[in-house]
Amino acid sequence: MERMRSIWKGSIAFGLVNVPVKVYSATEDHDIRFHQVHAKDGGRIKYNRVCSECGNVVQYADIDKAYDSDDGVRVVLTDDDFGKLPAAEKHEIPVLQFVPTEQIDPILFEKSYFLEPDSSSPKAYVLLATALENSDRTALVHFTLRQRTRLAAMRSRDGVLVIQTLLWPDEVRAAEFSSLDGVDKPKAKELAMAETLVDSMADDFDPTEFTDDYQVQLRELLDEMIESGGKKVIPVAEVEKSGEDAEVVDLVAALQRSVDAAGKKAAPAKKKPAKKAPAKTAAKKAASKSSTSERKRA
């Protein structure tokens, strides 16, 4: 298994105690990723950042963020403007309070991170993890990652501290369904039968008993297609051209790809001897030139 890489370093601050830690993403996505391609020839679809005003392709260094108000006013913000906003210390996780674990609604949980002790003596780390586990409480903290401060829950999981970022209350929609208004309560007999069914299917939760059947069957389909070949299976060397995907979800990943692409362009390219055009291609070019000449004469 590939070793995890820390994405953040800092310390937990509660009272007068500081606990140095490294932060790691606790989860990973195993879904198979697809690219957008031209159905005709399998070529990758490029992603360009085009300005709607001047029509030019814009580099990341020249991109700022803007807010459009409801009354049609656009406000452009730079990094300096964002730097003036209040935020928790970037390399500190301040503990705000300790709350009963059952009081946190699971709907608020967002993304999870592991914390690893980052000092020669992890005594303070173990002390905090044990205290949280024994008290059955969760620490509410402020956690700043990628210039965004979130409220987060910190708890102990098998002796390892875990941070789970939380949604703000106004980010959870209100579930107001008129179809539930005035519905009669279940009758005693109906409720008893339902509870009997629940009891008959009751068991302890073991996530390893469940599999992502869709991903398994999708992988089998891909393997079968690769093995059998055909027009839909194209060698990567023919279609792997420079350019971005049409759908860029993660800005950080897009930035990294841009840096890599810039590095390749900077390196001197070795010129390859020109290949002789196939007969059909040459004929097409000749026909195109002839057509152009006729249009000019016209």
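Trainee: A salt bridge is a side-chain nitrogen of Lys or Arg lying within 4 Å of a carboxyl oxygen of Asp or Glu. Which residues are linked in a network of salt bridges here?

Mentor: Please keep in mind that this is a predicted model. In it, the network of salt bridges links Glu110, Arg150 and Glu171.

Trainee: How far apart are the closest N and O atoms of glutamate 110 and arginine 150?

Mentor: The closest N and O atoms of that salt bridge are 3.6 Å apart. Glutamate 110 belongs to strand β6 and arginine 150 to strand β8, so this pair ties together parts that are 40 residues apart in sequence.

Trainee: And what about glutamate 171 and arginine 150, N to O?

Mentor: Their side chains meet in a salt bridge at 2.8 Å, N to O. Glutamate 171 sits in the loop between β9 and α3 (188-200), while arginine 150 is in strand β8, so the pair ties together parts that are 21 residues apart in sequence.

Trainee: Is arginine 150 buried or exposed?

Mentor: Arginine 150 counts as buried because its relative accessible area is 5%, and buried means under 20%. Its two partners are classed otherwise: glutamate 110 is partly exposed, with a relative accessible area of 42%, and glutamate 171 is partly exposed at 37%.

Trainee: How many salt bridges does the structure hold?

Mentor: The structure holds four salt bridges. One of them joins aspartate 68 to arginine 74, with the closest N and O atoms 2.7 Å apart. Aspartate 68 is partly exposed at 42% relative accessibility, whereas arginine 74 is exposed, with a relative accessible area of 58%.

Trainee: Let me change topic. How many residues are in the largest nonpolar core?

Mentor: The largest nonpolar core has 22 residues. Those with the most contacts inside it are Ile12, Leu115, Phe143, Met154, Leu161 and Ile163.

Trainee: What does methionine 154 touch, leaving out residues up to four places away in sequence?

Mentor: Methionine 154 touches Ile12, Val95, Leu115, Leu128, Leu132, Thr138, Ala139, Val141, Leu161, Val162 and Ile163.

Trainee: What about aromatic rings? How many pairs are there?

Mentor: The count comes to three aromatic pairs. In one of them, the ring centres of tryptophan 8 and phenylalanine 143 are 5.5 Å apart and the planes stand at 70 degrees, so the pair is edge-to-face. It links distant parts of the chain, with tryptophan 8 in strand β1 and phenylalanine 143 in strand β7, 135 residues apart. Both residues are buried.

Trainee: Which residues do ring pairs link into a cluster?

Mentor: The cluster consists of Trp8, Tyr113 and Phe143.

Trainee: And how are phenylalanine 205 and phenylalanine 210 arranged as an aromatic pair?

Mentor: Phenylalanine 205 and phenylalanine 210 are stacked, at 6.4 Å centre to centre and with 25 degrees between the planes. Phenylalanine 205 counts as exposed because its relative accessibility is 68%. Phenylalanine 210 is also exposed, with a relative accessible area of 56%.

Trainee: Which residues form a nonpolar patch on the surface?

Mentor: The patch is formed by Tyr67, Val73, Val75, Leu77, Phe82 and Leu85, which together have about 520 Å² of accessible area. Among them, phenylalanine 82 lies in helix α1 (residues 79-83) and is partly exposed at 33% relative accessibility.

Trainee: To finish, how many helices and strands does the protein have?

Mentor: The protein has seven helices and nine strands. Of its 298 residues, 18% count as buried. Its accessible surface comes to about 24600 Å², and 54% of that belongs to carbon and sulfur atoms.

Trainee: What share of the contacts with a separation of 6 or more comes from residues 24 or more positions apart?

Mentor: Such residues account for 62% of those contacts in the protein.

Technical notes: Residues numbered from 1 in each chain as written. Predicted model: local features only at pLDDT ≥ 70, side-chain atom pairs only at ≥ 80, totals over all residues. Heavy atoms only, no water. Core = buried A, V, L, I, M, F, W, Y, C linked by side-chain atoms within 4.5 Å. Buried < 20%, exposed > 50% of the residue type's maximum accessible area, 1.4 Å probe, protein only. Contact = heavy atoms within 4.5 Å. Patch = residues over 30% accessible without salt bridge, like charges linked within 9 Å, V, L, I, M, F, W, Y side chains within 5 Å. Areas by Shrake-Rupley, 256 points an atom, 1.4 Å probe, with all protein chains shown as cover. Helix = DSSP H or I, 4+ residues; strand = E, 2+ residues; numbered from the N terminus. Phe/Tyr/Trp six-rings, centres within 6.5 Å; stacked < 30°, edge-to-face > 60°.
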